[in-house]
Amino acid sequence: GLFSRTVRQQCGSNVRLEVSTARIQIIDGFEVIVSGTLLGKGRVPLFHDVECLFEMNNVDPDASLVQETAKSAGANRGNDGGAGGDDDKLPEEREGIVAALRMH
């Protein structure tokens, strides 16, 4: 997913986020707010709050597009172990939505 791919690209590490809680919020797209434990080989588990933002980019969608995209947020996820490229993108990214990650 977005989290594993971003950490792999930015830090060169393979990690997994074990989700404790998650909620969704509508913005100019939608935001998924996740609390969980970051796990990596040989690392001490660390608690993090992560925000995954999926924002419309230069698009003037009607509300139905935002609703449909938000409903599909959990569907058809790819493998976290991908090496990159279009196959590694989330369905939302393939639809032209900009995905960003924030960690706290």
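A: Happy to. One point before the details: this is a predicted model. Start with Glu93, which counts as buried at 17% relative accessibility. The cut-off for buried is under 20%.

Q: Which residue does Glu93 form a salt bridge with?
A: Arg5 is the partner, with the closest N and O atoms 2.7 Å apart. The pair links distant parts of the chain, with Arg5 in helix 1 and Glu93 in helix 3 (residues 91–94), 88 residues apart.

Q: And Arg5, buried or exposed?
A: Arg5 is buried, with a relative accessible area of 9%.

Q: How far is Arg5 from Asp88 in space, C-alpha to C-alpha?
A: The two are 8.1 Å apart in space and 83 residues apart in sequence. Asp88 sits in the loop between helix 2 (63–71) and helix 3. Asp88 is buried too, because its relative accessibility is 12%.

Q: How many salt bridges does the count come to?
A: The count comes to four. Among them is the bridge between Glu18 and Arg16, whose closest N and O atoms are 3.8 Å apart.

Q: How exposed are Glu18 and Arg16?
A: Glu18 is partly exposed, with a relative accessible area of 42%. Arg16 counts as partly exposed as well, at 48%.

Q: What about Arg102, which residue does its side chain meet in a salt bridge?
A: Glu51, at 3.0 Å from N to O. Arg102 lies in strand 4 (residues 97–103) and Glu51 in strand 3 (residues 46–56), so the pair ties together parts that are 51 residues apart in sequence.

Q: Which residues are linked with Arg102 in a network of salt bridges?
A: Glu31 and Glu51 are linked with Arg102 in that network.

Q: Glu51 and Arg102: how exposed is each one?
A: Glu51 is buried, with a relative accessible area of 16%. Arg102 is partly exposed, at 40%.

Q: Leaving aside neighbours within four places in sequence, what is Glu51 in contact with?
A: Glu51 contacts Glu31, Val32, Ile33, Ala100, Leu101, Arg102 and His104.

Q: Let's switch to the largest nonpolar core. Which of its residues touch the most other members?
A: Phe3, Val32, Cys52 and Phe54 do, out of 15 residues in that core. Helix 1, strand 1, strand 2 (29–40) and strand 3 each supply at least two of its residues. As background, nonpolar side chains tend to be buried together in soluble globular proteins.

Q: New topic: Ser13. Where is its place?
A: Ser13 is in the loop between helix 1 (2–11) and strand 1 (15–27). Ser13 is a buried residue, at 12% relative accessible area.

Q: Which side chain does the side chain of Ser13 make a polar contact with?
A: That of Arg43, at 2.8 Å. Leaving aside neighbours within four places in sequence, Ser13 is in contact with Val7, Arg8 and Arg43.

Q: Last topic, confidence. What is the mean pLDDT of the chain?
A: The mean is 75, and 70% of the residues reach 70 or more.

Q: Which elements have the lowest and the highest mean pLDDT?
A: Helix 2 has the lowest, at 51, and strand 1 has the highest, at 91.

Q: Where does pLDDT stay under 50?
A: Over residues 73–84. The model has 14 contacts beyond four places in sequence for that stretch.

Q: Why should I be careful with coordinates where pLDDT is low?
A: pLDDT is the predictor's confidence in each residue. Where pLDDT is low, the predicted coordinates should not be read in detail.

Terms used. Residues numbered from 1 in each chain as written. Predicted model: local features only at pLDDT ≥ 70, side-chain atom pairs only at ≥ 80, totals over all residues. Heavy atoms only, no water. Helix = DSSP H or I, 4+ residues; strand = E, 2+ residues; numbered from the N terminus. Buried < 20%, exposed > 50% of the residue type's maximum accessible area, 1.4 Å probe, protein only. Polar contact = N/O pair within 3.5 Å; in protein donor to acceptor, adjacent residues only side chain to side chain. Contact = heavy atoms within 4.5 Å. Core = buried A, V, L, I, M, F, W, Y, C linked by side-chain atoms within 4.5 Å. pLDDT = per-residue confidence, 0-100.
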